[in-house]
Amino acid sequence: MAPGLTSVDSEISSSSWVTKPQVSRAIFPDGIKTSGQHPPIYHELRDFQSFPHSINEPTLWNAEDYRDHPERWVHRFSQEELTELSTAADSFRDAGTPLTGITQ
């Protein structure tokens, strides 16, 4: 989970924050959920300072491993895949479902 704001610098006044109008909850078909997100697992949260300063595990990506090998990280869609994606996007748009209505 990405670190979040836990305190506000005293130099930032409350008048510098932009207040946005409340959004009607009626636009959310399932209440006020946000596209499948869940509340944080608080006992898993850590201070940013406890994160590693460097990664030297096998998960590390080295630029030289990929620079001359785009096939390792670039996916070229086939015409069949493009047609499938286009059909799905058209169907979604035509159904008039709001983005907040996506469940899968």
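The legends below accompany several views of a predicted model of one protein.

**Figure 1. Overview of the predicted protein.** The model contains 2 helices and 0 strands. Of its 104 residues, 1% count as buried. The protein exposes about 10400 Å² of surface, and carbon and sulfur atoms supply 56% of this area.

**Figure 2. Confidence of the prediction along the chain.** The average pLDDT of the protein is 75, and 62% of the residues score at least 70. Over residues 12–16, the pLDDT is below 50. Beyond near neighbours in sequence, this stretch has 1 contact in the model. Where pLDDT is low, the predicted coordinates should not be read in detail.

Figure 3. Which residues make the nonpolar surface patch? The patch is made by Phe77, Leu82 and Leu85, and its area is about 290 Å². One of these residues, Leu82, is found in helix 2, which covers residues 79–95. Leu82 counts as partly exposed because its relative accessibility is 40%, a value that lies between the limits of 20% for buried and 50% for exposed residues.

**Figure 4. The salt bridge between Arg93 and Asp90.** Side chains of opposite charge can pair when their charged atoms come close. In this view, the side chains of Arg93 and Asp90 meet in a salt bridge, with a distance of 3.4 Å from N to O. Both Arg93 and Asp90 lie in helix 2. The two residues are 3 residues apart in that helix, about one turn. Is Asp90 buried, partly exposed or exposed? Asp90 counts as partly exposed because its relative accessibility is 31%. Arg93 has a relative accessible area of 57% and is therefore exposed.

**Figure 5. The salt bridge between Arg93 and Asp94.** Arg93 also forms a salt bridge with Asp94. The closest N and O atoms of this pair are 3.3 Å apart. Asp94 has a relative accessible area of 58%, so this residue is exposed.

**Figure 6. The salt-bridge network of Asp90, Arg93 and Asp94.** How are Asp90, Arg93 and Asp94 joined into one network? Salt bridges that share partners link these residues. Arg93 pairs with Asp90, and Arg93 pairs with Asp94 as well. The count of salt bridges in the model comes to 2.

Note on methods. Residues are numbered from 1 along each chain as its sequence is written. This is a predicted model: local features need pLDDT of at least 70, side-chain atom pairs count only at pLDDT 80 or more; totals for chains, interfaces and linings use all residues. Side-chain values use heavy atoms; hydrogens and water are left out. Patches are made of residues with over 30% relative accessible area and no salt bridge: like charges are joined within 9 Å, nonpolar side chains (Val, Leu, Ile, Met, Phe, Trp, Tyr) within 5 Å. Accessible areas come from the Shrake-Rupley method with a 1.4 Å probe; for residues, only the protein chains shown count as cover. A salt bridge is a side-chain nitrogen of Lys or Arg within 4 Å of a carboxyl oxygen of Asp or Glu. Helices (H or I, at least four residues) and strands (E, at least two) are DSSP runs, numbered from the N terminus. Buried means under 20% relative accessible area, exposed over 50%, partly exposed in between (1.4 Å probe, protein chains only). pLDDT is the predictor's confidence in each residue, from 0 to 100. Contact means heavy atoms within 4.5 Å.
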